[in-house]
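This report walks through one protein model, from overall build to local detail. Please look over the sequence and structure first.

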Amino acid sequence: MYRFFAITWASENKADALFVESIERRLKNASPHGWRCVWRRDGVIVFDAGSGPGALKARQLSDNQGVVLGRIFRKGRHRAVEAFSDQESHAVTTSHGEHLAREYWGTYVAMFSGPDSSVLRVFRDPSGALPCFVIQHKTVRLLFSDMEDAAAIDSFNFTVNWQYLAADFMIPQAQKTATGLNEVDTILPAECRTYSGSASSSEFCWDPFEFSRLDPPTCVDRAADLMRTTIADTLAALSTAYERVAVSLGGLDSSIALNCLARAPEAPDCIALNYFTSSPGGDERSYARCAASYYDTPLFEIELNPEADISALKQSNRLASPPGMFDFIGLTAKPPFRLAAEKGAEAIFTGIGGDNVFCQPAFDFSALDYVRNRSFDSGSLPVILHSARYGRSTFWRTLGAAMKEAVAPSPCGPYVRDRLYGRAAPPFVKEGFCDADAAATMLHPLLQAQDVDLKSKFLQILTCTFFSVDYYDHWDTQYSVERVNAFMQQPIIEAALRIPTWLMTKGGVDRALARIAFKDDLPEEIVRRVTKSTPSDYYEQLYRRNAKTIRELLLDGALAQNDVLDRAMLEETLLEARKSNSKIAYPILRLAGVELWAQRWASKPAIPADRAA
């Protein structure tokens with residue numbers, strides 16, 4: 001997989017220069033990664049690794065003004081940009097990245113200086129797919145995509161950022177302004193960070209709320225056409241980078257992804273992977289077989305083994321923050337990246353983010369948006385009926401909420417966050433450790449709603465924009481294949497944000513607009529299916545198998561020692577593992593995953609920070 005490592009320093013400082021030389025030697029000696037220098041100027045050097053034909057790679061700006069790291073497309077074009085003209089390079093540097101956000105999309109981080117070589121600007125694309133972490137060491141600054149590369153440098157020690165963990169427990173998977181490590185900063189998606197000596201400043205070049213306020217499609221047919229065309233064109237563009245891809249196949253969203261890849265004008269060879277459990281709730285094989293057969297795609301089925309030992313997580317790659325969800329597949333079966341690589345695939349496409357883009361969370365918010373936007377008119381009654389059905393509420397309760405929204409609406413941000421996440425700490429976490437309001441302040445600044453914003457649209461923005469998914473699979477120590485989240489692409493998100501949510505949830509049906517948009521391209525069984533698989537029974541089996549290990553991990557681990565856990569409640573539950581149920585299995589497994597992540601960082605021996613790498 002692609003990664004980069006950049007260093008900035010005061011070139012006149014001899015100690016800094018020696019430190020930089022030591023890091024450069026380490027990178028050059030890391031032969032498995034194949035690091036190469038892709039941009040150098042006074043006080044800045046940038047390396048990358050893992051590039052190749054069609055893959056992410058470095059693209060130079062003219063006159064040595066900078067470099068774009070990753071893969072980038074011009075909007076409306078189906079092939080990745082190979083080079084930037086003088087005119088485009090000038091537009092990038094003078095606009096501080098805004099030109100990239102407006103005219104391009106992709107998976108990239110741009111670093112450039114422009115005419116003023118004393119200033120370095122770093123812009124991370126709005127999708128945020130490719131990470132960009134920052135470590136400041138005296139006057140040396142490191143910018144990199146993979147935490148493992150920084151962790152290998154002996155000069156740095158890392159400590160857990162407990163404030164981040166508190167926020168992530170309350171608002172999981174939404175982009176935060178910090179990472180799980182105190183010493184590691186992050187360039188945020190859509191942020192242009194300007195560095196001038198030791199000073200820095202930030203500006204944002206893309207705003208999701210802007211797209212939610214554009215002229216929207218006014219009927220279902222136009223909305224469906226916009227959604228279908230955008231998704232098909234975006235995935236067709238991505239497909240040109242590969243000769244063979246794997247698709248993690250299960251339900252509606254992944255079937256849409258497979259459809260668009262298999263039917264792209266320059267379609268890659270596709271294979272499909274499906275992971276299933278022994279319990280019916282976690283078995284989607286019948287739907288995966290249906291979709292794979294429909295597109296004549298080879299399907300590989302892998303059963304998850306609940307007898308796995310979760311302590312194997314100690315051997316995984318180190319991440320800057322704990323995974324947003326408990327990642328069990330790498331524990332319990334051959335991981336998707338390894339199977340995909342064995343089958344000759346260069347990338348694995350997932351349906352992650354489809355639920356978020358298609359407004360899957362089951363709330364009755366679309367009625368609130370409608371009356372806030374249009375007041376009460378002839379279309380209000382069916383919207384309220386559909387919204388109540390979608391949110392599993394009563395008509396009268398939804399009508400009452402809509403009337404209140406029309407007259408005296410509650411503040412948008414707190415209303416949505418409280419309904420989505422609640423204000424109580426998750427199970428087994430001390431109430432005093434978490435605070436919902438404090439967690440909200442750590443959200444990406446572009447995820448802060450104004451009171452004038454529509455609630456259902458803000459829910460969609462909060463859950464699909466800057467959705468925090470790790471680019472590097474922490475099981476993939478060999479960097480086998482690229483992971484592509486099919487729906488977490490800038491053009492798709494921009495199109496989805498334009499569409500009113502009452503059209504997204506037409507008829508009160510789960511992901512209704514997606515079904516309408518692709519009804520002629522998918523098997524009828526996939527379009528009709530409205531259930532979701534759940535591995536809850538499997539979590540319970542895995543928990544019971546690992547109860548002893550979990551007890552040892554949590555009761556005297558880093559979380560307990562830092563007063564994160566309600567130890568008494570947890571101990572009582574762990575002593576009754578045989579009476580466990582699926583409702584408590586997942587929260588405990590999630591805590592065990594966070595504990596193992598924290599222990600990985602605590603286990604590194606202390607080394608003086610001023611010692612060269």
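## Overall build

Of the 613 residues in the protein, 59% are buried. Buried means under 20% relative accessible area, exposed over 50%, and partly exposed in between, with a 1.4 Å probe and protein chains only. The model is predicted: local features need pLDDT of at least 70, side-chain atom pairs count only at pLDDT 80 or more, and totals for chains, interfaces and linings use all residues. Residues are numbered from 1 along each chain as its sequence is written, and side-chain values use heavy atoms, with hydrogens and water left out.

The secondary structure comes to 27 helices and 17 strands. Helices (H or I, at least four residues) and strands (E, at least two) are DSSP runs, numbered from the N terminus. The radius of gyration is 24 Å, close to the 25 Å that the globule rule gives for 613 residues, so the protein is as compact as a globular protein of that length. This radius is taken over C-alpha atoms; the rule is 2.2 Å times the number of residues to the power 0.38. The C-alpha trace spans about 75 × 65 × 55 Å along its principal axes. Among contacts between residues at least 6 apart in sequence, 74% join residues at least 24 apart. Contact means heavy atoms within 4.5 Å.

## Confidence

Mean pLDDT, the predictor's confidence in each residue from 0 to 100, is 90 for the protein, and 96% of residues reach 70 or more. Among the elements, confidence is highest in strand β10 (residues 185-186), at a mean of 97, and lowest in helix α10 (residues 329-332), at 78. Over residues 605-613 the pLDDT is below 50; this stretch has 20 contacts in the model beyond near neighbours in sequence. Where pLDDT is low, the predicted coordinates should not be read in detail.

## The open sheet

Six strands form an open sheet in the order β4-β5-β6-β7-β11-β12, with antiparallel pairing. Two strands pair if DSSP finds at least two bridges between them. β4 (57-60) and β12 (199-204) stand at the edges; each has a single partner strand, so one side of each is left without a neighbour in the sheet.

Strand β7 (residues 119-124) is joined to β11 (residues 191-196) by five bridges. Here V119 stands opposite S196, and L120 opposite Y195. Four bridges join β7 to β6 (residues 104-112), again antiparallel; F112 has R121 of β7 as its bridge partner.

Six of the six residues of β7 are buried, so the strand is largely enclosed by the rest of the structure. V119, R121 and F123 point one way; L120, V122 and R124 point the other. In a regular strand the side chains alternate between the two faces of the sheet.

## Cores and a buried helix

The largest nonpolar core has 185 residues, of which L142, I231, I256 and F349 touch the most other members. Helix α27 (residues 582-602) gives the largest share, 11 residues. A nonpolar core is a set of buried Ala, Val, Leu, Ile, Met, Phe, Trp, Tyr and Cys residues joined through side-chain atoms within 4.5 Å. Leaving aside neighbours within four places in sequence, F349 is in contact with residues including L235, Y242, L261 and V484. A second, separate core of 25 residues includes M1, V122, L130 and I187.

Helix α19 (residues 490-498) has eight of its nine residues buried, so it is largely enclosed by the rest of the structure. Among them are Q490, P491, E494 and L497.
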